[in-house]
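Let's take a friendly walk through a protein model. Have the sequence and the 3D view ready as you read.

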Amino acid sequence: MPDWSPKVVQDMIRSVLAAYYEPPFSDSAPGFRPHRGCQTALTEIHQTWLGTKWFIEGDIKGGYDHSDPHTLMQILRDNIHDNRFLRLIEGARKAGYGEEWPYHPSLSGSPQGGIASPILSNIYMDRLDKFVAHTRIPEYTHGDRRQDHPLYERLTHQAEYHRKKGHLERAQALRREAQQHPSLDPNEPAYRRLTYVRYADDFLLGLIGPMTEAQEIQERIATFLSTELQLTLSAEKTLITHANTGKARFLGYEIGMMASQTKCDRLTRRVVHGKVGRYIPEDVMQAKRQRDLRDDKPIHRPELRNDSAYDIITRYQGAYRGLVNSYGLAQNLAARGYLRWTMETSLLKTLASKHHTSVTKEAQRLKAISQAPAGPRTCVKLTITREGKPPLIATFGG
């Protein structure tokens, strides 16, 4: 842990580097940048990756720990010619660390937990962003639009012909049959699109094209990382996933294509087909539930009985709020309903055990209505009045 003076120096290094390097950084890399974050990357995927067929997941093994120091300094020397400033950065990188008192030198990577480490990591990984943006994306992006699907086009023409002849039932039947097929040819060989987003040492590519090209893109990126940046991809986390039959993992979300036959109320078309959806992974929900379950039933938590009721409710609400905030963009956000019921039942059982009463009585005593931005919501609410001070309010749910 650095003391105050090194922290000030690191922050000055960070501000100088950010002033020079931040403007030319790629918009596809929002990690550790001002006014950007995980939601920026996930929103871009949802809004712009239309019709994606293949997801190429990439996880760089030890992006912080294994970055080559000589390559990093060479990247900095390409644009910075102040040797005193470069020696200051190199000295911080070589400062080493102490673990259980013994000193260990820094052989590779950036200072862990250092204030300047995120910007140094982005400068290092910007080479990958430029490689994908200037080489891979232009190579796999061509064609203005897909050709019309031949079967869909033929059926719609027949439906129009019968409608003009007055055969309305036949025209309607043909129109419904045409709607079972895509309007544009999804296998158009002259149409390709490649999209890319990176956050820290994780990246995701979306390809409209065949699987052979997805494998080729993955191999070329792996070759670039090993030769230019001396980095390797994690074999178990670098996957190629079909967008319609599977889901990729990125920033804790599952990324997959949405499909629904339900039409929008205002429009006469299906507005979710071809769009990328973001979902809460089932294993995340299961892991959150297991802490409050035993034999698939909610249980009380005896380790909290000595805490105050206010602290118990606040602890449960903090855990629940963290999940809701992390997965607020998910299309299956309603799936958290069972998790909330599990945590709320466990909370009431814990309070009932503490107060030597029943769950029903605790629920009746604490049940309340809170005003949320989307309207009133039922919740568990405890209010502690204090003389001469504002009341203490603890809420679960809402």
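## A predicted model

Please keep in mind that this model is predicted.

## Aromatic pairs

The model holds 8 aromatic pairs. In one of them, phenylalanine 32 and tyrosine 199 have ring centres 5.9 Å apart and planes at 45 degrees, so the pair is tilted. Phenylalanine 32 sits in the loop between helix H1 and helix H2, while tyrosine 199 belongs to strand S4, 167 residues away. Phenylalanine 32 is partly exposed at 39% relative accessible area, whereas tyrosine 199, at 16%, is buried.

Another tilted pair joins tyrosine 320 and phenylalanine 396, with centres 5.4 Å apart and planes at 40 degrees. Tyrosine 320 is in helix H10 and phenylalanine 396 in strand S14, so the pair ties together parts 76 residues apart in sequence. Tyrosine 320 is buried, with a relative accessible area of 6%, and phenylalanine 396 is buried too, with 0%.

## Charges over rings

Look for lysine 247: its charged end sits over the ring of tyrosine 279, 5.1 Å from the centre. Arginine 301 lies over the face of tyrosine 316, 5.4 Å from the ring centre.

## Two residues in helices

Is serine 346 buried or exposed? This residue of helix H11 is buried, because its relative accessible area is 0% and the cut-off for buried is under 20%. Its contacts beyond four places in sequence include Arg301 and Tyr316.

Threonine 360, in helix H12, counts as exposed at 51% relative accessibility. From C-alpha to C-alpha, threonine 360 is 8.4 Å from leucine 348, and the two are 12 residues apart in sequence.

Terms used:
Residues numbered from 1 in each chain as written. Predicted model: local features only at pLDDT ≥ 70, side-chain atom pairs only at ≥ 80, totals over all residues. Heavy atoms only, no water. Helix = DSSP H or I, 4+ residues; strand = E, 2+ residues; numbered from the N terminus. Buried < 20%, exposed > 50% of the residue type's maximum accessible area, 1.4 Å probe, protein only. Contact = heavy atoms within 4.5 Å. Phe/Tyr/Trp six-rings, centres within 6.5 Å; stacked < 30°, edge-to-face > 60°. Lys NZ or Arg CZ within 6 Å of the ring centre and 35° of its normal.
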